[in-house]
Amino acid sequence: MLVHVTDEAIDPGELATRFYRSHPDAAVATFAGFVRDFNDDGQVDSLYLECYVEMATRVLNDLGKTAQERFGLRAWQIVHRFGQMETEDPIVFVAASADHRGEAFAGCEFVMDTLKTDAPFWKREHSGDEGQWVTVKAVDKDRRERWSTEGLDQ
Amino acid sequence: MTITVKFFSLIREAVETEQLVLELNEKLTTVEALKNELGLRGEAWKEALSHPNLIQAVNQRVVFQEEGISDGDEVAFFPPMTGG
């Protein structure tokens, strides 16, 4: 399954092992993101991640195909969790395989930088009884924009 | 025509609604017109749907508010996305 959007727990180690076995290409890069236990205001106890599932599935599929074409990937996979999570729970897993490490790393990074701002998920962090929606960070916008600029000479 | 309208995150909370199925006048042909129509439901609706950072999607694709809508479409309103 290339894209999987789920409210069930994901296991990045198992996903990576399966990907390596299914795609024994020369270079394979994987990324896993986890719920952090802090933000700019202090401690975070848990995270609720809202999702527009139908659109997220479509956006992530389009994103994977774009990465495949742009970086010449041989294979890719994107798995994204939503719903109620605790700190250190895995949120996202991305894998990309290619003939050389540069393309595999770039494919993985492009997918992560783009899905942060383009895939319909919304984080709500909880600390004690307080909960607040996370706003888009400038660094995430910058990283997303970087691929648009660099895309001109790809 | 019949359309489905979905609301997410802050917008869902502001209008206290997850989803609507609406029968619309055939003259209401754009997302902008739909926003104006929904804004008539009250101040909370008007404020949420006029937020400068509001994003709108038609059939799961992000669009400008001038985008046309037609029978059977799914329209969604939400704030900037924070995935990953």
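**Start at a buried tryptophan**

Select A:Trp122 first: its relative accessibility is 1%, so it counts as buried (under 20% relative accessible area is buried, over 50% exposed, in between partly exposed, with a 1.4 Å probe and protein chains only). Keep in mind that this is a predicted model, where local features need pLDDT of at least 70, side-chain atom pairs count only at pLDDT 80 or more, and totals for chains, interfaces and linings use all residues. Residues are numbered from 1 along each chain as its sequence is written, chains are lettered from A and ligands numbered from 1 in the order in which they are written, and side-chain values use heavy atoms, with hydrogens and water left out.

**Across to chain B**

What do you call a ring pair here? Rings of Phe, Tyr and Trp (its six-membered ring) pair if their centres lie within 6.5 Å; planes under 30 degrees apart are stacked, over 60 edge-to-face, and the rest tilted. By that rule there are 10 aromatic pairs over all chains. A:Trp122 and B:Phe78 make a tilted one, with 5.1 Å from centre to centre and 55 degrees between the planes. This pair crosses between chains: A:Trp122 is in strand E9 (residues 121–127) of chain A, and B:Phe78 is in strand E5 (residues 74–78) of chain B. Helices (H or I, at least four residues) and strands (E, at least two) are DSSP runs, numbered from the N terminus.

Next, pick B:Phe8. Its ring centre is 6.4 Å from that of B:Phe78 and the planes are at 70 degrees, so this pair is edge-to-face. B:Phe8 lies in the loop between strand E1 (2–7) and helix H1 (9–15) of chain B, while B:Phe78 is in strand E5, so the pair ties together parts 70 residues apart in sequence.

**Charges over rings**

Jump to A:Arg146, which lies over the face of A:Trp147, 5.0 Å from the ring centre. Then go to B:Arg41, whose charged end sits over the ring of B:Trp45, 5.3 Å from its centre. To count, NZ of Lys or CZ of Arg must be within 6 Å of the ring centre and within 35 degrees of the ring normal.

**Zoom out to chain A**

Finally, show chain A as a cartoon: look for four helices and 10 strands. Buried residues make up 45% of its 154 residues.
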